[in-house]
Amino acid sequence: MAWYIFPLNNLLCMLLGISFTVWFTLLLVFIIVPAIFGVSFGIRRLYMKTLLKIFEWATLRMERGAKERNHPLYKPYSNGIIAKEPTSLEEEIQEVRRSASPRELGSGGAAEFDVSDIFCFCRRGVESIVDDEVTKRFSAEELEFWNLLTRSSCHFQHLSLRLTVLWGLGVFIRYGFLLPLRVTLAFTGVGLLVVLTTVVGFLPSGRLKNALSEKIHLMCYRICARALTAIITYHDSENKPKNGGICVANHTSPIDVIILASDGCYAMVGQVHGGLMGIIQRAMVKACPHIWFERSEVKDRHLVAKRLSDHVEDRTKLPILIFPEGTCINNTSVMMFKKGSFEIGSTVYPVAIKYDPRFGDAFWNSSKFGMVAYLLRMMSSWAIVCSVWYLPPMQREDGEDAVQFANRVKAAIARKGGLVDLLWDGGLKRGKVKDVFKEEQQKLYSKTLVGNHEDRGRS
Amino acid sequence: QTYLFQYTFAVTPAHIKRLYKRFQALDKGNKGYLSPQDFGSVKELATNPIGDRIIGAFFSQGQETVDFHSFVRILAHFRPLDKNRAKRPDSPEPINSRISKLRFAFQLYDQDNDGKISRDELLQVLRTMLEMQVTEEQLESIADRTIQEADLDGDNAISFDEFRKSLEKVNIEHKMSSRFLH
């Protein structure tokens, strides 16, 4: 029986060798070379269209299956789960009082204080326990239909054999084929970045160095973008940030950096890290100036502002990329912008980034996943599809302070990206509400009372 | 299943799932129950002047944790009235009836649970709702006037019956009800 095995072994080795070669050639031709030149074969878009068709079929199938079995499907609602009164607190209180004592209306206004006033506050309080605007921004957005990933379905049941088989096939493709491919690409991209930027660092400063560094950064970021199967659509590229400006964007995940840097060169701002990140940071700085802060320097706002404004004044340096929200939000809304970057006084180039959650949720819930777990999740989703809009540059107008300017930019970004514009601070993810907001409510209520008090006095 | 519906805020199983998801989102650290700090993380509640008292309503009888069952039970006070319920003489008072809603609101005032809203307790509520917007004298005069209007038996405090009578004409059902969007 032994003589059977030898030819089999040889055959196996040959097959393996051939498949590896084919694999790497394909990788090179279809992914790395286009990344270098910034062109695309359109394979990813075709992939996206096919996936969409499959998702639609899967959702219909699921709904049909659920109806047949009389199982109500769990349908998420992004507009809130309870009907909230559209009237303001003031109006509500007046309404309640009027219904209680209509005769008092003639004698100069409603009564001073009524024990029923507490009802309005009470109901609003309980409603906010059930559903509030802010807390839900810090967890992943819910999809309206299923995209064959169990992580986004809250109600995956075995409804039909075909559906389960499809899901199983999806798992096999994603983990068996796409994930190894992507991990290989990621390592390639990062490795090339570190090596090539170090090499370029040896050149003397000048136009050649800058041009080379630009090309290298773009190429490596594009490879990384392909490592995530990121399908990005850039709109309004004529507004791309120029040297001496600051680029601000809404923040959903660390991937935002890769997405933006695949299309233009930016100077990054951030804290110095240790480990792999630190190696990458040090290598990048050799090729072109980025701004990395030591942990201790971050607290010193003047120092930060000074370094940023120094960088901005030097026209040969690249535009700075900043995420003013300060934390990752789940891409359904834009939260308060920190005013630091708006105080510097240079031109601000706003950018809106909107992810399409159907193919993979890019939001990094840092309280649930660490960085590595998050990256693995990203690499095992179908794709990361997003749209980037470059908005026209804005400058601080006379008589506008930094906070107003920041809010103006935020509103523009929210409008363009189709996101909800919230006044709340993203820092609320971890911190407490400031008492200032509570005082606002108290002021409002007292106006209702004291205002009537004056009416009574007059009549 | 019917037991659950009768005593809960939810009307369908989908509602219960919704509330459970919310419960889980509020439950930092996946403990399986809620503590007062978990409620404190709801930002809109923190700006509500009586936010602390509402949180207290969930932790009655000296408990320190709220499980999902109790969570939904307390919320059940805010379910809209079922107009079509046939009144059976021996059935217990439904948790979302007018009386129950009134009792819920009464307990927000009556923090020491002695069945009466004393002048002090009323002052405390007024203070949290108005804080620094009015003077102490104004607060006291408001409190005195309110007790005068509602107190019928002259004990300078508002009992539950007096509370109920003074709110006879108010449309409690609407103001203390919240319904699910569909």
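Start by selecting B:F71 in this predicted model, and display its surroundings beyond the neighbours within four places in sequence: the residues in contact with B:F71 are then A:I129, B:L19, B:F23, B:L26, B:L34, B:F39, B:F58 and B:V66. B:F71 is found in helix 6 of chain B, which spans residues 68-75, and at 0% relative accessibility B:F71 counts as buried. If you draw a C-alpha to C-alpha distance from B:F71 to B:F23, it reads 8.1 Å, although the two residues are 48 apart in sequence.

**The aromatic cluster in chain B**

Which residues form one aromatic cluster with B:F71? Select B:Y20, B:F23, B:F39, B:F58, B:F59 and B:F68, which make up the cluster together with B:F71. Over all chains, the structure holds 17 aromatic pairs. One of them joins B:Y20 and B:F23, which are stacked at 6.2 Å centre to centre, with 15 degrees between the planes. Both residues lie in helix 2 of chain B (residues 13-26), and because they are 3 residues apart there, about one helical turn separates them. In an α-helix there are 3.6 residues a turn, so residues three or four places apart point the same way.

**A pair between two helices**

Now move to B:Y109 and B:F163, an aromatic pair that is edge-to-face, with 6.0 Å centre to centre and 70 degrees between the planes. B:Y109 belongs to helix 7 (residues 98-109) of chain B and B:F163 to helix 10 (residues 160-166) of chain B, so this pair ties together parts that are 54 residues apart in sequence. B:Y109 counts as buried at 0% relative accessibility, and B:F163 likewise counts as buried at 0%.

**Charges over rings**

Select B:R103 with B:F160, where the charged end of the arginine sits over the ring, 4.7 Å from its centre. In chain A, select A:R174 with A:W382: the arginine lies over the face of the tryptophan, at 5.4 Å from the ring centre.

**Helix 5 of chain B**

Next, colour helix 5 of chain B (residues 51-58) by accessibility; 6 of its 8 residues are buried, so this helix is largely enclosed by the rest of the structure. The buried residues are B:G51, B:R53, B:I54, B:I55, B:A57 and B:F58. What do they pack against? From chain A the partner is helix 4 (117-130), and from chain B the partners are helix 3 (36-40), helix 4 (43-46), helix 6, helix 7 and helix 8 (119-130).

**Cysteines of chain A**

The structure holds 0 disulfides over all chains. For A:C120, the nearest cysteine sulfur is that of A:C122, 9.6 Å away, and A:C120 is in no disulfide; A:C120 is buried, with a relative accessible area of 0%. A:C220 is also in no disulfide, with the sulfur of A:C224 as the nearest cysteine sulfur at 7.0 Å, and at 1% relative accessibility A:C220 counts as buried.

**Annotated spans of chain A**

An unreviewed UniProt entry lists residues 20-43, 159-177 and 183-203 of chain A under "transmembrane region". Select residues 20-43 of chain A, a span that is 79% helix and 0% strand, with its end C-alpha atoms 21 Å apart. Then select residues 183-203 of chain A, where the chain is 90% helix and 0% strand and the end C-alpha atoms are 31 Å apart.

**Confidence**

Finally, colour the model by pLDDT. Chain A has a mean pLDDT of 77, with 77% of its residues at 70 or more. Within chain A, confidence is lowest in helix 13 (residues 435-458), at a mean of 60, and highest in strand 2 (residues 246-249), at 92. Residues 103-111 of chain A have a pLDDT below 50, and beyond near neighbours in sequence this stretch has 12 contacts in the model. Over residues 452-459 of chain A the pLDDT stays under 50 as well, and the model has 13 contacts for them beyond four places in sequence. Chain B averages a pLDDT of 78, and 85% of its residues score at least 70, while over residues 1-5 of chain B the pLDDT is below 50. For the complex, the predictor gives an ipTM of 0.84 and a pTM of 0.68.

Definitions and conventions
Residues numbered from 1 in each chain as written. Chains lettered and ligands numbered in written order. Predicted model: local features only at pLDDT ≥ 70, side-chain atom pairs only at ≥ 80, totals over all residues. Heavy atoms only, no water. UniProt positions renumbered as here; feature names shortened; annotations may be inferred. Helix = DSSP H or I, 4+ residues; strand = E, 2+ residues; numbered from the N terminus. pLDDT = per-residue confidence, 0-100. Contact = heavy atoms within 4.5 Å. Phe/Tyr/Trp six-rings, centres within 6.5 Å; stacked < 30°, edge-to-face > 60°. Buried < 20%, exposed > 50% of the residue type's maximum accessible area, 1.4 Å probe, protein only. Lys NZ or Arg CZ within 6 Å of the ring centre and 35° of its normal. Disulfide = S-S within 2.5 Å.
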